[in-house]
Amino acid sequence: MARPMTMTEKIFAAHAGLSEVVPGQLIKAKLDVVLGNDITAPPAIKEFEQMSDTVFDKDKIVLVPDHFTPNKDIKSAEMAKTVREFARRHNITHYFEVGRMGIEHVLLPEQGLVAPGEVIIGADSHTCTYGALGAFATGVGSTDMAAAMATGETWFKVPASIKVELTGRLSKWVSGKDVILKLIGMIGVDGARYQSLEFTGEGVASLSMTDRLTIANMAIEAGAKNGIFPVDDITKQYLARRVKKPYTPVAADTDAEYVRTVTINLDELTPVVALPHLPENVRPVSDIQPTPIHQVVIGSCTNGRIEDLGQAAAILEGRQVHQDVRAIIIPGSQDVYLEAVKLGYVETFIKAGAVVSTPTCGPCLGGHMGILAKGERAVATTNRNFRGRMGHVDSEVYLASPAVAAASAVLGRIAGPEEVA
C-alpha cells in the first residue's frame, strides 16, 4: 500500500504517474493549467519561440492582461500586444482582452477554469489562490512557463506540509483576510518556506469561498509553496455553476505526516492590520494608535470579489470618505463590476466620494491607478506592503480587510469597522 499522504502529495502522485511521493522528492508532473499575464507572458513567449512552434494544448493555457491594462504607457501597450498576437497565432481558447478580462486570480475561479485535484502553474506568485478549490497551484518564473506551454509538464520538489487547524467560526466584521494575516503574524513571512499550508478543522466549514480564496492567495506571503483547502459542500456548490470539465478531488489521509500543526481559533479573532513593511507585522486594529492616512485601496486579487465589495459598501452606505483620503475601489472582474452595479454598491461608493476603477492590478504593484507619493500612507486590501510596493520608497502600506479599509476611509485614520458601523 502507498504511504499515507497529504492533499498536495496525492495530487502530485497522480500527476506524476506514481503510487506515492515523499517530501523532497523531485518529480515531473503533467499540468492542467498554465497561466500568464501581461508582465510575465511576454518573456515566456520569447523563450517559447526558441524551443517550439506549437503549444501543448490551446485549451489549457490562460492569458490574462491585468497588471498594466488598460495600458498605462507605450511599453505596457507593447507587452499586451505581444500577448494578444501570441494568443491569436496559437488560437488560445482562454485569452481575456480588455473589456472581458479581470484580475487573473479572481477571473479563473469565477470562469470555472480551475478545479479540485488539478496541478496549476502561473507566472505570477499569487497563483496559489486556486488551492482554495482543492487544487495544487503555485507561481513559477517566465522560463518555466515557456517550457510548460511547449510540453504540458514541469518539475517540482514535493513540499512537506504544515497542518493549519481552524476551530470555531468568524464573528461579524472578521474575514478570511484577518485569518491569513493572523497566520502570517504567527509564523512569519518565511515560516512555511517551500512547504504546503493545508487548512483543516471544523472551522473550515464556516468559511465562505471568498474567505478561502483570500487565505490561499496569501499563502505565498508566509513563504509557502502552496496553500490548499479540502473540498466540501461549500466548494462543490461554488463549482457546480462554473466548472464544466471533469475533475477528481482528493482528501488527505487521516494519518498523513505534517512537519507541524498550527491552530487558530476563529472565535477569538478580531480585525487586524499588517503594518509596514512586512505582512508579518500584524496587530489588532484596536491596538493601533491613531494613524492618519491618505489613500485606501479596496480590491486586488486578494479582496476584489463581490463579497469583499459588499463588506465595504455596508460600511460606506450613507457615509462620506474623509476629505483627506482618496478611496479607490477596484472590482476583481467585469462580472464582479456588473454585480456591484446591480446591487447598488457602485452608487454607494460614488456617493461616498470614492472612485470605481476598471478591473486591474494597478496600484497593488505600484503600476498605476493609485501610486503613493513620498510620506503618504495607504490602507489596502492588497497582499504585500514591502517598502516601495505601492509607490515611493518612503510611503507606507497597511494591509487590512475591506471592512477595516472602508472604516479607515471614513475616519481618515486606521480604524476598525465597529467604530463606524
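Here is a colleague's note on some charges, contacts and backbone details in this structure.

1. **Before you start.** What you see is a predicted model: local features need pLDDT of at least 70, side-chain atom pairs count only at pLDDT 80 or more, and totals for chains, interfaces and linings use all residues. Residues are numbered from 1 along each chain as its sequence is written, and side-chain values use heavy atoms, with hydrogens and water left out.

2. Have a look at helix α7, residues 209–217. (Helices are DSSP runs of H or I with at least four residues, strands are runs of E with at least two, and both are numbered from the N terminus.) In α7, 9 of the 9 residues are buried, so the helix is largely enclosed by the rest of the structure. Buried means under 20% relative accessible area, exposed means over 50%, and partly exposed is in between (1.4 Å probe, protein chains only).

3. D308 sits in helix α10, which covers residues 306–316. Leaving out residues up to four places away in sequence, D308 touches T210, T302, N303 and P402; contact here means heavy atoms within 4.5 Å.

4. **Salt bridges across the chain.** The whole structure has 16 salt bridges. One of them joins E153 and K28, with the closest N and O atoms 3.8 Å apart. This pair links distant parts of the chain, since E153 is in strand β7 (residues 153–157) and K28 in strand β1 (residues 26–30), 125 residues apart. E153 is partly exposed at 25% relative accessible area, while K28 is exposed at 53%. Together with K30, these two residues belong to a network of salt bridges.

5. **Two more bridges to compare.** E97 and R84 form a salt bridge whose closest N and O atoms are 2.6 Å apart. E97 is in the loop between β4 (94–95) and α4 (104–110), R84 is in helix α3 (residues 74–89), and they are 13 residues apart. Are E97 and R84 buried or exposed? Both are buried. In another salt bridge, R193 and D190 meet at 4.0 Å, N to O. Here R193 is exposed, at 61% relative accessibility, and D190 is partly exposed, at 44%.

6. **A loop residue and a helix residue.** T248 belongs to the loop between α8 (233–240) and β11 (260–265), and at 59% relative accessibility T248 is exposed. How far apart in space are T248 and E118, C-alpha to C-alpha? The answer is 7.9 Å, although they are 130 residues apart in sequence. Neighbours within four places aside, T248 is in contact with P116 and G117. S300, in helix α9 (residues 300–303), is buried at 5% relative accessible area. With residues up to four places away not counted, S300 touches I103, V106, I330, T381 and T382.

7. Most residues other than glycine have a negative phi, and most peptide bonds are trans. Against that background, the bond from T69 to P70 is cis, with omega near -10 degrees, and P70 is in the loop between β3 (61–64) and α3. P276 and H277 are also joined by a cis peptide bond, with omega about 0 degrees; H277 is in the loop between β12 (272–274) and β13 (282–284). Y194 has a positive phi near 50 degrees, in the loop between α6 (176–187) and β9 (195–200). M369 is not a glycine either, yet its phi is about 65 degrees; M369 lies in the loop between β16 (355–356) and β17 (377–380).

Conventions:
Salt bridge = Lys/Arg side-chain N within 4 Å of Asp/Glu carboxyl O.
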